[in-house]
Amino acid sequence: MNCFMCKGNLEEKKVNYIVDLENTIIIIKGVPAKVCTCVRRKLCFR
Ligand SMILES: [Zn+2]
């Protein structure tokens, strides 16, 4: 499976997902996600 933005490899990783609401920030830890290994991995994150 490849990154749909840059065609790089995707790794299955546990990430911390931060939800920024108006008054609260919710941090969900250890969410399994496909993360792009390219330099732009933050942009490619999904
Ligand atoms: Zn990518």
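User: Which residue in S2 stands opposite Lys13?
Analyst: This is a predicted model, in which local features need pLDDT of at least 70 and side-chain atom pairs count only at pLDDT 80 or more, while totals for chains, interfaces and linings use all residues. Residues are numbered from 1 along each chain as its sequence is written. Strands (DSSP runs of E, at least two residues, numbered from the N terminus) S1, residues 10–20, and S2 pair in the antiparallel sense over 10 bridges, where pairing requires that DSSP finds at least two bridges between the strands. Within S2, the residue standing opposite Lys13 is Ala33.

User: Is strand S2 largely buried or in the open?
Analyst: A residue is buried if 20 or more other C-beta atoms, placed from the backbone, lie within 10 Å of its own, exposed if 12 or fewer, and partly exposed in between. Of the 12 residues of S2 (residues 25–36), one is buried, so this strand lies largely in the open.

User: What separates the C-alpha atoms of Cys6 and Cys36?
Analyst: Cys6 is placed in the segment before S1, and it is partly exposed because 15 other C-beta atoms lie within 10 Å. Cys6 and Cys36 are 30 residues apart along the chain, and their C-alpha atoms are separated by 8.7 Å.

Notes: Helix = DSSP H or I, 4+ residues; strand = E, 2+ residues; numbered from the N terminus.
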